[in-house]
Amino acid sequence: MEMKQIHGKTTALLGWSLQAIEAIDKMNRPYVVVGPPEFKPFADKNGIQFVPWQFDVPIEHSMELYEKLKELDTKVAVPIYEETVEWAGMLNSLLWENPRVFNKSLLLRDKSLMKRRAHLAGLRVGVFEEAFNKEDVAHFLKRMNEALLNMDEENYEPIHVKPFDKAGTVGHRMIKKSEDIEEIDDSEFPLLMESHLEGQEFSCEAFVHNGKVHFLNITEYVKLGHSNFVPASPTLEQWRPQIRETIEQLVKAFEVENGILHPEFFITPNGTIYFGEVAARIPGGHIFEHIERVYGFSPYQGQILCCDPETTDEELKTFFPEEVVSAKGHSGNLMVYPKVKSISKLNIPDELKEHPYFLKHNMFLPATSKVSERVGFGNHYGSIYFFGEDSTEMRKLLEQYEKHDFYL
Amino acid sequence: MNTVIKEKKTTTATRRKTTARKKTTTTKISPLEKKFETALETLNQAKPFAKSLYQTDVYQLANELASTIEGMSVLFKYAHLFDQAGVFLNGDWEDPTKLQPPFVGGSLRLRGIYSILELLSEMRMLAIAKGTYKHESLSSEHASSFLNEVLALNLDLLFPEEQESELEEHLIRAQNLFTYLQQELSCESVAEQMVQEIKRITVQRPIITKRIIELIENSKLLINDEIDSEFAEELAKYSRAIDAPTPLSLEAADQRDYRLKLEQASREELISEAERFAESMNETGLVSPYHAILLRFLNRKYQEIIPSALHLTESGITSFNENIDLIHDIIQLSIYPETKQAIYGLTKLLNRGVLKLETLIPALRQLFELPIHAEVKNGLSNYIGLNGISINGILVAGVVSVIGQPLGIGQGVNPICQSARAISLWAQYDIEKLLKLITTAARDNNIEMTFEGELINSNLLLDGVVTANLQDLDPVSIILVPHLDRIYNEMMKRTLLRGEDGHKWVNREFYGEWIPSGFINVIDPLTLKVTNYPTFVKLFYATHHPDYNEGYKMLYPNPVGIYLTNVHGELLGLHAVSIQRIEKDQHGECRIYFYNPNNDSTQNWGQGIKASVTGFGELEGESSLPFHEFVSRMYAYHYNLYEQGDTYMVEESIVEKVETLAKDSWGKNYEWA
C-alpha cells in the first residue's frame with residue numbers, strides 16, 4: 001500500500017526482521033534498522049540504512065546507540081523482539097526526554113513485576129511467587145496443593161515455572177512432582193511460579209495509541225505453541241466486550257501510551273478472564289500473518305504507526321478496519337515438530353493438500369536427519385497454513401493434524 | 001505417499017506408461033500450477049531484500065510439481081521467469097554463468113531445499129538452451145552443452161537400477177528432471193559429450209583411472225539404438241578396453257576361465273590376444289584386468305610374446321631383452337588384475353629406455369623384498385585385492401607406473417600440487433633420488449633431506465598441509481606425499497625472515513640443483529603488492545621465449561607458480577605446475593607445454609584461456625597454452641642468469657597484452673605498485 005509522506009524524521013526498528021523492514025519500506029518514510037552486525041553486508045547491498053548493534057550488552061551502553069540514532073534524526077524506536085523492548089523504552093526515553101518510558105518498559109520485561117502490577121490494578125491473576133532455588137519450588141507446589149486440600153502427592157495439581165524475562169514459552173516448565181523440580185538447572189533461577197489456570201487460552205494483539213486501543217485482535221489458541229487462528233471463533237468472540245475492558249484495564253495499569261500489547265489470557269466457560277502475561281512486541285506463532293491475511297492490513301505497519309506519537313487519530317482510523325466483521329475468514333496455522341529423533345521422510349497426506357482450507361506448508365526434508373532439541377516453542381520445523389470461513393472446521397483441522405506424524 | 005512414488009520405482013521401460021495415466025495426475029496439476037504462478041508473481045513483486053520471505057513458497061510448490069513429469073513441464077513453462085522473479089537471488093545459484101556441471105549431481109542428491117534449487121537451476125538452463133529465456137551472458141549453445149554434460153555425468157539417475165526400497169523423494173525428483181531433460185535434449189548429444197569427456201581425460205594418460213572407469217561404466221547405460229553409431233562405437237571401444245578387448249577375454253566367464261582358455265590356446269591365438277590387448281591399451285591408455293592375466297601367463301611360458309603384449313617400440317624391445325630377468329620378476333611380483341594399470345607404466349618405462357641407468361636395477365630390486373613399515377602397509381591396504389598380491393608388489397607396480405608415466409601423476413582431490421610436481425620431476429630427471437626416497441619412506445616411514453647443510457627428518461616434523469585423508473592417489477604418492485609436504489613446509493619456514501620469497505632457495509634444495517638459481521616473484525613480500533610487473537614479463541620472455549632468449553633451450557623442466565583462475569578469470573588460489581618445454585607449434589605459434597598435477601588440465605581459466613591437451617603436439621600428460629596466455633597467469637619462475645637475451649628487446653605491446661590479462665583476472669585481488 002502506498003502512503004503519503006507525512007513524517008520527515010526517522011523511525012528506528014530495533015531488531016532485524018525482514019517482514020518489518022518490508023512493511024516500513026512500503027510506508028515511504030525514512031527508517032533505520034538497528035540489528036546484529038552480521039546483517040550489515042546484506043543491508044548495505046540492499047540500500048537499507050543500518051546501525052550495527054548487539055542487544056546483549058548492558059542497557060547502560062544505550063547512550064552510544066542513542067547518539068548514533070540522534071545523528072540520523074530518529075524520532076521513535078520500535079521494538080521488534082522481546083529483547084529489544086527495554087532498548088526501545090530507553091531510547092524513546094532519551095529521544096522524548098521522558099525517563100518514565102524506560103521504567104514502564106521494564107515492567108514488561110520482568111514477568112514477576114508484570115504480574116504484581118496487573119494484580120495491583122485489579123486484574124485476575126493466578127497465585128504466584130518468586131523462586132530462587134529448588135526448595136522454593138517444592139514449597140510452593142506443596143502449599144498450593146494444601147490450599148486445594150489435595151494431600152495426594154502422587155496426584156498433585158501442577159504449577160508452572162518460567163524465567164522472568166524470556167519470550168513466550170522459552171524456559172517454561174510444568175511441575176507436578178519432585179522429579180520435575182530436580183530437572184531444573186540451578187542456573188535457571190530466579191523463576192516465576194504460578195498456579196495452574198484452567199480455561200481456554202487466547203492472546204490479544206492490541207494496537208494502542210495515546211493510551212487508546214485502536215484495534216483489538218483476539219487470537220484463539222487451539223493448542224499452545226502448536227496451533228492458533230484469527231479471528232477467534234464466535235464462542236470466544238462473544239466475550240469481546242469483557243476482553244476489551246480487561247485490555248483497557250491493562251493499558252491503564254501499565255501506562256501504555258503507544259505501541260502494541262500482546263497479552264495472554266485464560267477464560268473460563270462462564271467468562272471469567274485470568275491474566276497470564278503480556279509482552280510489548282510482535283507476537284510469534286504467525287499471528288501477524290493471520291491478521292494481514294484476514295484483515296488486509298499490515299500489522300507491522302500498524303505497530304509502527306502506533307509507536308509513533310505523531311501519528312494522528314485520523315490516520316489510525318483510516319488504517320485499521322472494523323474488527324471481526326471485516327475479516328474475510330479465519331486464518332490459522334499448525335506448527336509442526338518432528339516426533340521422531342531422526343527424520344527419514346516427509347509424510348504429507350493427500351487429503352490435507354486437497355482440503356479447501358489448505359493454503360500451503362513449508363516443510364522440507366531437512367539436510368540433516370537428526371532432530372534438534374526444542375527451546376520454548378521457537379524452532380518448529382515447519383508450518384501448515386489454513387484459511388476458511390468456518391471456525392469449527394478450522395479448529396477440527398488443527399486438532400486433527402496436530403496428531404499426525406508429518407516427519408517419519 | 002501416493003501413486004506417483006510407486007510409478008517412479010519402475011524402470012525406464014515401464015516409465016513410458018506414465019503418459020497413459022496422465023489423467024489422474026493432471027487434475028492435481030492445474031490447481032498446483034495456479035498456486036505456483038501466484039507464488040512466483042508474489043516473489044516477483046517483492047523488493048530484492050525481501051525476496052527470501054517469498055522464495056520458500058516457490059520452492060515448496062516446485063518441489064510438489066517436480067514429483068511428476070507433468071509437473072516438470074509446468075516448471076519449464078515458467079522457467080524463463082525465474083531470474084526476473086528472484087528465485088535464485090542471494091544464493092549459490094544466482095548467476096548461471098558461475099555454475100559448473102560436475103557439481104550438479106552432488107546437489108541433486110542432497111536431501112532438502114538445495115536439491116530443489118539445483119533442479120530449478122537446470123530448468124532455467126533448459127529455458128536458456130531452448131531459447132525461451134535469453135540470458136545476457138550465457139548463450140543457448142553453452143546452456144545446451146552444460147545440460148548435456150550434466151546428463152553425461154549422471155547417467156545413473158537417467159537410467160536408474162531397479163530399486164528394492166522406495167526412493168527418497170529428492171531422488172525421485174532428480175530422476176524426473178533427467179527424464180524430462182532427456183526428452184528435451186537428444187541422447188546423441190549426451191553420448192557425444194560423454195565421449196568427449198572420456199577422451200579428454202584419457203588423452204592425458206593419468207595413472208589413476210578411477211574416474212575414467214566410472215564414466216565408462218555409466219556410459220554403458222547410454223549405448224542403445226537411438227544414438228549415432230559413431231558415438232556408440234567410441235563408447236563401446238572404451239567399454240571393451242577396461243573389460244574384454246580380445247576374442248578370448250570376451251568369451252571368458254571370469255578370470256579363472258580366461259586363464260583356462262589361455263592354457264588351451266594356440267601360440268597364434270596367444271599372439272593375437274597379446275596384440276589386441278596392446279593395441280587397445282595403446283589407443284586408450286586403459287588396461288583390462290585380463291591383460292594382467294595374459295601377461296602373468298606369458299611370463300611363465302611364453303616370455304618372447306611379452307613385447308607384443310606391451311606395444312613396445314624398438315628401444316623398448318631392446319630394453320626388454322637386456323633386462324629379461326628383471327622384467328620377469330617385476331611381472332611376477334607386481335602385475336595382477338588389481339594393478340593392471342601398471343602394465344601401461346611398464347610399457348612406457350621400457351620405451352623410455354631408462355633401465356640403461358645401471359644404478360637403477362639394484363635400486364628397483366631392493367624394493368622387491370624391502371621390509372615395509374607398518375604405517376606404510378596400512379596406507380597401501382586399499383590396493384590389496386583377492387588375488388594375493390603382496391605389499392611389495394603394490395609398491396613395485398606403483399614405482400613402475402611413476403617411472404613409466406611421470407606426467408601421469410596426479411594430486412587427486414588433495415591440496416598437494418607441490419609434492420605431486422616433485423615426484424613427477426624426479427621421475428623424469430632424477431629416478432635415483434626418487435627410488436632412494438621411496439625406499440627410506442617405505443622402510444623407515446621417514447625421509448631425510450638437507451637444507452643449507454642442515455639435515456631435516458620428516459618424521460620429526462609435525463606441520464604439513466596434509467597428514468591424513470589422501471584420496472585417489474597412486475601408491476608412490478601415498479608413501480611420499482606426507483613426508484615431502486612436511487619437509488617442504490619446514491624448508492619454507494626456515495626462509496621466513498629473509499625478506500624474499502623462500503621458493504628461491506627452497507626449490508633448488510628440494511627439487512634439485514638443476515633448478516636455475518635466478519628467481520623472481522611478482523609479489524613484493526614486504527608490501528604484498530604486485531611490483532615491477534613489466535620487468536617480470538620481459539625477463540621471462542628474455543629467458544624463455546625462443547625469439548628473445550638467444551636460442552637457449554630448456555634442459556630441465558622449470559617449476560613455476562601460477563594463479564589458478566576460474567572460467568570468469570577470478571582467482572581461485574596458487575598452484576604449482578612445471579614448464580616441460582617451450583616450442584613453436586605447427587602454426588608457428590610459440591606455446592608453453594606444461595605439466596599440471598591437478599588431473600584436469602583442460603580447465604578453462606577465463607578470458608578465453610583454455611589449456612589444451614591435444615592438437616598442438618602435446619605429449620601424454622602435457623597441457624599447452626600460447627606463450628603470452630601462460631605468462632599472464634604466472635607469479636613466480638626460475639631462470640638462468642647466464643642464459644638470457646636482453647629484456648629491452650621485448651616489445652611494450654606484448655607486455656601490455658599480458659598485463660591486461662593479469663590485471664583483469666587474478667590481479668583484481670591485489671594492489672598494483
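The model is a predicted one, so local features need pLDDT of at least 70 and side-chain atom pairs count only at pLDDT 80 or more, while totals for chains, interfaces and linings use all residues. Residues are numbered from 1 along each chain as its sequence is written, chains are lettered from A in the order in which they are written, and side-chain values use heavy atoms, with hydrogens and water left out.

Chain A holds 15 helices and 16 strands, where helices (H or I, at least four residues) and strands (E, at least two) are DSSP runs numbered from the N terminus. Its radius of gyration, taken over C-alpha atoms, is 22 Å, close to the 22 Å that the globule rule gives for 408 residues, so chain A is as compact as a globular protein of that length. That rule is 2.2 Å times the number of residues to the power 0.38. The C-alpha trace of chain A spans about 65 × 50 × 45 Å along its principal axes.

Now for the meeting of the two chains. Contact (heavy atoms within 4.5 Å) links 29 residues of chain A with 27 residues of chain B. Together the chains bury about 2,200 Å², 48% of it on carbon and sulfur atoms; buried area is the accessible area (1.4 Å probe) that two parts lose on being put together, summed over both. On the chain A side, A:Glu22, A:Phe364 and A:Leu365 lose the most area, together 27% of what that side buries.

The interface of chain A and chain B has 3 salt bridges, each a side-chain nitrogen of Lys or Arg within 4 Å of a carboxyl oxygen of Asp or Glu. One salt bridge joins the side chains of B:Asp57 and A:Lys360 (2.6 Å, N to O). On the side of chain A that touches chain B, H1(A) gives the largest share, 5 residues.

Chain B itself is divided into domain 1 (3-185), domain 2 (194-241), domain 3 (312-494) and domain 4 (518-669), with bounds from an automatic or database domain assignment. In chain B, 6 residues of domain 1 are in contact with 8 residues of domain 2, and these two domains bury about 640 Å² between them, 66% of it on carbon and sulfur atoms. Within domain 1, B:Leu153, B:Leu155 and B:Phe159 lose the most area to domain 2, together 64% of what that side buries. Salt bridges across this domain interface number 0.
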